[in-house]
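Student: Hi! I'm new to this one and could use a hand finding my way around. Can we look at it together?

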Amino acid sequence: MSGERDRLPRLLALVPFLQARPGVSVADAAADFGVTPEQLRRDLQLLWMCGLPGHGPGDLIDLSFEGESISVIFDAGISRPQRLTGEEALALVVALRTLAETPGLTDRDAVERALVKIEAAAGGEIEAVDTVSVALDHVTSTLAILQRALDTGQALQLRYYTATRDETTERIVDPMRIFELDGRSYLEAWCRRAEGMRAFRLDRVESALVLDEASRPPAGAQLRDLSEGLYSPAPEHLLALLRVSPSFGWVADYYPTASVEEQSDGWRLISLHVADPSWVRALALGSGGDVEVLSPVWLAESIRSEAASALAGYA
């Protein structure tokens with residue numbers, strides 16, 4: 001512990017060490033801390049300037065180390081048992097509760113025991129530990145499950161919502177990496193259902209289960225190049241052009257887009273590739289006029305015809 005980075009922990013440990021070994025020699029104390037006697041004397045000189053607020057007589061730590069032995073004359077209250085404040089205890093309880101709610105925690109009993117000790121150390125400064133509850137958000141809890149599968153080399157069973165098809169599917173995947181792009185977290189894995197590499201947005205993973213079987217992506221499975229973004233549409237995907245009102249501006253954030261153009265009236269022109277146009281049809285018909293399909297023309301005319309038929313039924 002000879003570097004400057006280690007000096008603060010050494011200083012914090014010195015006074016309790018010296019109190020436990022009154023009259024210890026400078027050489028022995030230096031050897032125990034792994035520093036030279038000269039460095040230890042410099043540390044003791046610094047401790048002389050540390051203590052309680054006020055920094056006057058009776059406030060600062062007082063040591064005797066002029067000879068070859070060291071004695072603590074005044075410890076500035078270090079030996080007095082400390083009690084956690086309410087704020088300190090609450091912060092520790094929240095942190096421990098967060099650990100307890102983390103999926104895959106291997107030693108939950110240790111966390112529970114620590115919670116009991118914190119409550120006792122708080123000395124009544126906070127209510128019972130059971131009054132504090134912590135719930136992880138869905139993405140955070142899902143991330144913990146996926147990371148555990150990656151760390152242990154196990155396969156995953158996912159229930160996943162595919163926005164471009166407006167469908168939820170069950171699939172078994174072999175996880176290969178977790179990454180972040182444009183403020184979102186993704187799992188990249190070999191999908192056994194699709195027999196190909198896929199990127200799964202964590203906020204669309206409805207459930208994840210670590211399976212009791214090894215992850216086994218094929219030898220030829222390759223991670224995608226993210227230098228030009230995540231989404232690479234297939235040739236057969238349809239390119240649709242939508243005009244959406246401000247209240248449906250979220251479409252540009254939720255779905256992968258080819259382009260987004262802001263208009264003077266607050267509406268947006270959104271160009272995007274879709275694997276199945278049925279969700280575009282449902283989006284437009286359910287928007288109450290806030291989503292207009294401009295192209296392809298056949299899709300726009302089909303939606304208008306379906307809307308007209310529905311209105312005729314009311315007439």
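Tutor: Happy to! Let's start at Leu156, which sits in strand S3, residues 154–162. Keep in mind that this is a predicted model.

Student: Is Leu156 buried or exposed?

Tutor: Leu156 is buried, because its relative accessibility is 0% and the cut-off for buried is under 20%.

Student: Ala208, got it. What does Thr142 touch, not counting residues up to four places away in sequence?

Tutor: Thr142 touches Val205 and that Ala208. You'll find Thr142 in helix H6, residues 138–152.

Student: Is Thr142 buried or exposed?

Tutor: Buried, because its relative accessible area is 5%.

Student: New topic! Which residues touch the most other members in the largest nonpolar core?

Tutor: That core has 22 residues, and the ones touching the most other members are Leu242, Tyr255, Leu272, Trp279, Val280, Leu283 and Val293. Strands S8 (238–244), S10 (268–274) and S11 (291–295) each give two or more residues to this core, and so do helices H7 (251–254), H8 (278–285) and H9 (297–314). Apart from it lies another core, of 19 residues, including Leu14, Ala29, Leu44 and Leu63.

Student: Back to Val293. What is Val293 in contact with, leaving aside neighbours within four places in sequence?

Tutor: Val293 contacts Leu241 and Leu242, Val280 and Ala284, and also Leu299, Ala300, Ile303 and Arg304.

Student: How do H8 and H9 cross?

Tutor: Their axes come within 10 Å and cross at roughly 45°. H8 and H9 are therefore oblique to each other, and their crossing is right-handed.

Student: Which residues make that contact?

Tutor: From H8 come Val280, Arg281, Ala284 and Leu285, while H9 brings Leu299, Ser302, Ile303, Glu306 and Ala307.

Student: How many of those are nonpolar, polar and charged?

Tutor: The contact of H8 with H9 has 6 nonpolar residues, 1 polar and 2 charged.

Conventions: Residues numbered from 1 in each chain as written. Predicted model: local features only at pLDDT ≥ 70, side-chain atom pairs only at ≥ 80, totals over all residues. Heavy atoms only, no water. Core = buried A, V, L, I, M, F, W, Y, C linked by side-chain atoms within 4.5 Å. Buried < 20%, exposed > 50% of the residue type's maximum accessible area, 1.4 Å probe, protein only. Helix = DSSP H or I, 4+ residues; strand = E, 2+ residues; numbered from the N terminus. Contact = heavy atoms within 4.5 Å. Axes fitted to C-alpha atoms, helices over the stretch in contact; angles between N-to-C directions. Parallel < 35°, antiparallel > 145°, perpendicular 65-115°, else oblique. Left-handed = near helix turned anticlockwise from the far one by under 90°. Nonpolar A, V, L, I, M, F, W, Y, C, P; charged D, E, K, R; others polar.
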